[in-house]
Amino acid sequence: MDVEEKLEQARARFTNEIANNISLYDLPASIGRLYGAIFFSEDPVTLDELSRKTGMSKTSMSTGVRTLADANMIEKTWRKGVRKDLYQTDPDWYKSFSTVFIKRWSEASELNLKALRTAKAELEEVQQKAGETLAERAQTDIDKLESAEAYYEWLQEVISLFETDKIYELVPKKEVPAKDIEKPFVRKG
């Protein structure tokens, strides 16, 4: 195996793992392969270039790029004289994780808290109208719900740490030494 094949094999290995695990972001494997193609591109790429690299249709590519941009995993760039949109990965992996974490857990905890509080109110009503045995069963359920409620309130505090970036005061980002690489591209927007 020559050196260039070894390079491509290493890139494919990482891209395949991203594709296998991107479901943690609630995204399909094809989006992970798309991310890998952008990640290992030496320069920002157009949708046409991505379509050639991945074999995806331009429509799928456009949807995938929008999904990755919404997750803060890639960003649009521009270069003087180039009319088409160019894309590159966002080097801040922490930001993309935070975006997805906040979105998924905020929605889930808010929905669960709403259902929990509705159920708790219903159980309190049962308690007031029921006999002693049923009232005790309702109280047992209320106690369980209060334990769950404490968890969801804690989870909202954790989410707030990510929203305000205070999480990085508690768990600092790992610093990578800056490389002397000149970047001729400028972030758009």
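**Notes on the predicted chain**

1. D165 is found in the loop between α6 and α7. This residue takes a positive phi of about 65 degrees although it is not a glycine, and its position is just after α6. With a relative accessible area of 45%, D165 is partly exposed; here buried means under 20% relative accessible area, exposed means over 50%, and partly exposed lies in between, with a 1.4 Å probe and protein chains only.

2. The model is predicted: local features need pLDDT of at least 70, side-chain atom pairs count only at pLDDT 80 or more, and totals for chains, interfaces and linings use all residues. Residues are numbered from 1 along each chain as its sequence is written, and side-chain values use heavy atoms, with hydrogens and water left out.

3. The chain contains 7 helices and 3 strands. Helices (H or I, at least four residues) and strands (E, at least two) are DSSP runs, numbered from the N terminus. Their order along the sequence is α-α-α-α-β-β-α-α-α-β.

4. Overall dimensions come next. The radius of gyration of the chain is 24 Å, whereas a compact globule of 189 residues would have a value near 16 Å. That radius is taken over C-alpha atoms, and the globule rule is 2.2 Å times the number of residues to the power 0.38. Along the principal axes, the C-alpha atoms fill a box of roughly 80 × 40 × 35 Å.

5. Of the 189 residues in the chain, 31% are buried. The accessible surface comes to about 13100 Å², and carbon and sulfur atoms account for 53% of that surface; the areas come from the Shrake-Rupley method with a 1.4 Å probe, and for residues only the protein chains shown count as cover. Among contacts between residues at least 6 apart in sequence, 59% join residues at least 24 apart, where contact means heavy atoms within 4.5 Å.

6. Helix α6 covers residues 132–163, a run of 32 residues. From its first C-alpha to its last it reaches 46 Å, close to the 46 Å expected at 1.5 Å a residue; the expected span is 1.5 Å times one less than the number of residues. Which residues of α6 are buried? They are A135, A138, I142, L145, E149, Y152, L155, V158, I159 and F162. The cover over these buried residues includes α5 (93–129) and α7 (167–170).

7. Not counting residues up to four places away in sequence, K120 touches I142, L145, E146 and E149. K120 and E146 are 26 residues apart along the chain, and their C-alpha atoms are separated by 8.4 Å.

8. F14 lies in helix α1 (residues 3–21) and is partly exposed, at a relative accessible area of 32%. Leaving aside residues up to four places away in sequence, F14 touches F39, F40 and W93. By contrast, F14 and L111, which are 97 residues apart in sequence, lie 35 Å apart in space, C-alpha to C-alpha. G36 is in helix α2 and is buried, with a relative accessible area of 3%.

9. D26 lies in the loop between α1 and α2 (29–39), and its phi is about 65 degrees although it is not a glycine. Is D26 buried or exposed? At 59% relative accessibility, D26 counts as exposed.
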